[in-house]
Each structure stands twice: as structure tokens, then as C-alpha cells.
Amino acid sequence: MQLRTKIKRRDTSEAIVGAITGTLTRPQLLVLGRHDDTGRLRTVGRTTTLRPEQARQVAEHLAPADPGHPWEGVRFAASCGSRHVLDVTLVRPGAVAEISADRAVDRGGVWRHPVRFKRLRVDMGPGDVPGFGEADASRARRP
């Protein structure tokens with residue numbers, strides 16, 4: 001009998017924090033986005049649940065969304081194919097998260113599975129994040 005090992009490949013990249021579950025002072029998970037070629041912020045995925053120290057780090061950089069947030073009225077499914085909807089709080093899309101994601105990507109840049117939050121990229125702004133659907137969108141970008 002021959003044993004086979006499955007190795008899941010994960011890449012790091014960046015995305016913009018556009019919404020959260022939980023509260024501004026204690027976010028539970030992040031809903032992430034990237035700008036498309038027209039400048040519209042498009043949803044690309046969500047993180048797994050944040051650890052307490054990650055939640056504290058992120059909370060320091062969150063602000064309530066201004067009127068006209070691009071995701072006003074949008075409903076986010078709790079998981080792929082789920083009818084359950086996440087209860088989200090929209091935030092000002094200015095914080096950039098470094099994430100670790102597997103290579104399963106749909107529709108030009110949407111991660112199929114929740115991504116892992118690594119850290120905030122305080123050295124980057126939303127304009128430094130790969131665009132929605134860019135060829136290198138799932139590859140690591142380093143300053």
C-alpha cells in the first residue's frame with residue numbers, strides 16, 4: 001500500500017478590511033475586499049475567527065463606515081452555499097490586512113475558503129493592495 005501525502009499550498013497577500021463581525025472594539029472576523037479596474041471595492045473573502053490579540057490589534061485601526069460605503073445593503077453569506085447571513089458592521093475601508101490563503105480562487109479573485117489573518121500592514125494603504133482579478137492577486141507582494 002502506497003501512502004500519499006496531500007500538501008495544501010498557501011500564499012500570503014493583502015486585502016482591504018471593509019466590514020467586520022462583532023464590534024469595533026472586539027472584531028471577530030474580517031470581511032475583505034479589493035478594488036476592481038473601475039475603482040469599486042469588491043468582496044474577495046473573509047477571515048477565520050480572530051484570536052484575542054489579533055482582534056485588539058485590528059480594533060485600534062477601525063473606524064465606522066462613512067455614508068455611501070460601497071457595501072451598503074450587501075448581505076454576506078456565513079459560508080459558501082449557506083443561507084445563513086453574517087451580521088456585519090461596515091467599516092471605513094482604509095486598513096490593509098496581510099492574509100494567508102489557499103490557492104482555491106473563484107470568479108477572478110474571490111477565495112473559496114476563509115483566509116487566515118496574519119497582521120495589519122500599517123505600511124500600506126488601500127491603493128497598494130493588488131486589484132480584484134489581477135493575475136498576481138493570490139501571490140505574495142512584499143514592499
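Biologist: What makes Asp36 and Arg42 a salt bridge?

Modeller: A salt bridge needs a side-chain nitrogen of Lys or Arg within 4 Å of a carboxyl oxygen of Asp or Glu. The closest N and O atoms of Asp36 and Arg42 are 3.7 Å apart, so the pair qualifies. Arg51 and Glu53 qualify too, with 2.8 Å between the closest N and O atoms. Arg51 is partly exposed at 48%, and so is Glu53 at 42%. The structure holds 6 salt bridges.

Biologist: Which parts of the chain does the pair of Arg121 and Glu14 tie together?

Modeller: The two side chains meet in a salt bridge of 2.9 Å, N to O. Arg121 follows strand 8 (116-120) and Glu14 lies in strand 1 (residues 10-22), so the pair ties together parts that are 107 residues apart in sequence. Strands here are DSSP E runs of at least two residues, and helices are H or I runs of at least four, numbered from the N terminus. Both partners are buried: Arg121 has 2% relative accessible area and Glu14 has 0%. Shared partners join Glu14, Arg121 and Asp123 into one network.

Biologist: How do you know that the buried residues of helix 1 are on the same side?

Modeller: In helix 1 (residues 52-59), the buried residues are Gln54, Ala55, Val58 and Ala59. They cover an arc of only 130 degrees (taken from the directions from the helix axis to the C-beta atoms), which puts them on the same side of helix 1. They pack against strand 2 (27-35) and strand 8.

Biologist: What makes a set of residues a nonpolar core?

Modeller: The members must be buried Ala, Val, Leu, Ile, Met, Phe, Trp, Tyr or Cys residues, joined through side-chain atoms within 4.5 Å. The largest has 21 residues, and those touching the most other members include Val17, Leu30 and Ile99. Another core, of 12 residues, lies apart from it, with Leu41 and Trp71 among its members.

Biologist: Which residues does Val44 touch?

Modeller: Val44 sits in strand 3 (residues 41-46) and is buried at 0%. Contact means heavy atoms within 4.5 Å; beyond four places in sequence, the partners of Val44 include Ala15, Leu32, Trp111 and Phe132. The C-alpha atoms of Val44 and Trp111 are 6.1 Å apart, although 67 residues separate the two along the chain.

Biologist: Where is confidence lowest and highest?

Modeller: On pLDDT, the predictor's confidence in each residue from 0 to 100, strand 6 (residues 105-106) is lowest at a mean of 74 and helix 1 highest at 97. The protein averages 86, with 84% of the residues scoring at least 70. Over residues 135-143 pLDDT stays under 50. Where pLDDT is low, the predicted coordinates should not be read in detail.

Definitions and conventions:
Residues numbered from 1 in each chain as written. Predicted model: local features only at pLDDT ≥ 70, side-chain atom pairs only at ≥ 80, totals over all residues. Heavy atoms only, no water. Buried < 20%, exposed > 50% of the residue type's maximum accessible area, 1.4 Å probe, protein only.
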